[in-house]
Amino acid sequence: RIRSLPLSLLCIAGVGGALILVYNLCAALVQSAVEDRLRGRVMAFYNLAFATLYPLGSLLAGAAAQGVGPVATVTACAGLTAAFAVAVWVVAPRVRAWE
């Protein structure tokens with residue numbers, strides 16, 4: 001745990017910057033993988049899913065943090081994210097060969 005306010009603020013800024021980078025890369029990946037004629041529809045669905053699922057996930061994470069604690073919740077979420085990344089790496093080689 002970080003007990004220094006300046007270090008906490010620096011970590012928050014770093015995580016925020018990384019999050020923006022990931023959002024931009026995901027949107028670029030989706031747009032480049034979709035045919036031109038379907039890009040608007042796919043991006044509309046992508047944005048709808050983001051706008052809907054992100055708050056629901058935050059609600060679920062908040063409930064989990066209240067039940068089992070924030071450290072266990074963040075650890076479980078990190079583990080699930082890593083497992084999902086490995087699954088995509090193995091199952092979808094086309095994503096790795098993105099050009």
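This is a short tour of a predicted model, stop by stop. Residue numbers start from 1 along each chain as its sequence is written, and side-chain values use heavy atoms, with hydrogens and water left out. Local features need pLDDT of at least 70 and side-chain atom pairs count only at pLDDT 80 or more, while totals for chains, interfaces and linings use all residues.

Start with the whole chain as a cartoon. It has four helices and zero strands, where helices are DSSP runs of H or I with at least four residues and strands are runs of E with at least two, numbered from the N terminus. The C-alpha trace spans about 50 × 30 × 25 Å along its principal axes.

Next, select helix H1 (5-33), helix H2 (39-68) and helix H3 (70-91); each supplies at least two residues to the lining of the largest pocket. H2 gives the most, with 13 residues. A pocket here is an open set of points on a 1 Å grid over the protein atoms alone, where a 1.4 Å probe fits, with protein on both sides within 12 Å along at least five of seven lines; lining residues have an atom within 4 Å of a point.

The volume of the largest pocket is about 1400 Å³, counted as the space filled by probe spheres set on the points, which are joined across faces, edges and corners. Now select Val22, Cys26, Phe50, Thr81 and Phe84: of the 31 lining residues, these are the closest to the pocket centre.

Colour the lining by residue class: 27 are nonpolar, four polar and none charged. Nonpolar covers Ala, Val, Leu, Ile, Met, Phe, Trp, Tyr, Cys and Pro; charged covers Asp, Glu, Lys and Arg; the others, Gly among them, are polar.
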